[in-house]
Amino acid sequence: MSAVRRPLVAGNWKMHKTVGEAREFCDALATLVDVAAPLDVAVCPPFTALEATARALAGTSIAVYAQNVHEAEAGAHTGDVSAAMVLDTGATGALVGHSERRAAGDTDAQVAARVRAGIDAGLLIVMCCGESLDTRRAGQTEEWVTRQVRDGLASATAADIDRLVIAYEPIWAIGTGETATPDQAQEACAIVRRVASEVVDGTRLRVLYGGSVNPGNAAELMACADVDGALVGGASLDPGSFAAIVAAAA
Ligand code: PGA
């Protein structure tokens with residue numbers, strides 16, 4: 001972690017938690033997180049719980065992000081949600097290009113358009129990238145991540161730096177209990193930063209690691225020079241374990 005960049009720990013709830021469960025989580029989390037700590041904390045509920053979560057966390061320093069946004073402002077896009085709609089719930093950011101969304105069909109071109117649309121609407125965008133196990137075994141991690149970062153930032157400009165975060169999430173470490181080693185996380189996050197520097201000021205860009213982060217491994221992962229925080233899935237569903245990861249970042 002660097003002294004210049006403010007750490008960010010975001011919890012990706014994926015398709016978990018009803019409105020009632022989200023409220024319970026927020027009540028517990030607000031008592032567990034040190035709000036004075038110099039870092040940013042966010043949770044990413046499903047669309048259905050965005051507004052309730054934003055209300056429950058209003059007045060705290062914990063932000064609420066969506067898990068995706070559509071690139072269009074409005075229109076015939078059944079099942080999709082625009083960046084303006086996300087903002088309208090009280091959320092202030094969104095993930096884009098998560099590997100589970102890419103597996104469901106989101107293309108590189110859509111990821112780039114969603115980064116642009118989200119930032120233009122005023123959201124902070126966490127653009128996700130990361131390679132599969134086959135790609136890593138084939139020795140193509142650098143090439144893969146380089147392409148994803150270049151493609152994802154195709155419409156971004158240097159002026160977007162304050163609204164852009166990139167999360168490196170190796171697919172083989174997501175939800176598997178298998179975490180990248182600190183060396184692997186550092187190496188890939190350094191590649192992300194170097195490639196993103198073609199567009200934005202890399203010294204200011206926050207790069208997160210994601211993939212089976214838990215209270216036991218969070219500190220050593222976030223101690224890496226180019227890792228500025230974590231995108232946490234499974235371990236973010238319980239307020240106690242999420243708060244422990246936040247404490248490790250602080
Ligand atoms: P995980 O998920 O922490 O459960 O591996 C991370 C993510 O998909 O963002």
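Two residues are in contact when heavy atoms of theirs lie within 4.5 Å. Before we use that, a word on what you're looking at: this is a predicted model, where local features need pLDDT of at least 70, side-chain atom pairs count only at pLDDT 80 or more, and totals for chains, interfaces and linings use all residues. Residues are numbered from 1 along each chain as its sequence is written, and side-chain values use heavy atoms, with hydrogens and water left out.

Now find N217, in the loop between β7 (206-210) and α9. N217 touches T179 and S212, if you don't count residues up to four places away in sequence. Its C-alpha atom is separated by 10.0 Å from that of A180, 37 residues apart along the chain. N217 counts as buried because its relative accessible area is 10%; buried means under 20%, exposed over 50% and partly exposed in between, with a 1.4 Å probe and protein chains only.

S212 leads us to the ligand. There are 13 residues around the ligand, and the closest are K14, H98, E169, G175 and S212; a residue belongs to that group if one of its heavy atoms lies within 4 Å of the molecule. A backbone N or O atom of S212 lies 2.7 Å from a ligand oxygen, and a backbone N or O atom of G233 is 2.8 Å from a ligand oxygen. From K14, an N or O atom in the side chain is 2.7 Å from an oxygen atom of the ligand. How much of the ligand's accessible area does the protein cover? On its own the ligand has 280 Å² of accessible area, and the protein covers 96% of that. Such areas come from the Shrake-Rupley method with a 1.4 Å probe, and for residues only the protein chains shown count as cover.

A49 itself lies in the loop between β2 and α2 (50-57) and counts as buried, because its relative accessibility is 0%.

Next, the interior. In soluble globular proteins, nonpolar side chains tend to be buried together. Here the largest nonpolar core has 68 residues, and V9, V149, I166 and Y209 touch the most other members. By nonpolar core we mean a set of buried Ala, Val, Leu, Ile, Met, Phe, Trp, Tyr and Cys residues joined through side-chain atoms within 4.5 Å. Another core of 14 residues lies apart from it, with Y65, L124, V165 and A167 among its members. Back to V149: leaving aside neighbours within four places in sequence, V149 is in contact with M127, C129, I166, V192, V195 and A196.

Polar side chains get inside as well. R114, in helix α5 (residues 108-121), is buried, with a relative accessible area of 3%. What does its side chain pair with? The side chains of R114 and D106 are joined by a polar contact of 3.1 Å; that term covers pairs of N or O atoms within 3.5 Å, where within protein one must be able to donate a hydrogen and the other to accept it, and residues adjacent in sequence count only if both atoms are side-chain atoms.

Then follow the chain to helix α10 (residues 239-249), whose buried residues are P239, S241, F242, A243, I245, V246 and A249. Their cover includes β1 (8-12), α1 (19-32), β2 (40-44), α9 (218-222) and β8 (229-232). At the start of α10, a side-chain oxygen of D238 reaches to within 3.1 Å of the backbone nitrogen of G240.

Finally, zoom out. The protein chain has ten helices and eight strands, and 53% of its 250 residues count as buried.

Note on methods. Helices (H or I, at least four residues) and strands (E, at least two) are DSSP runs, numbered from the N terminus.
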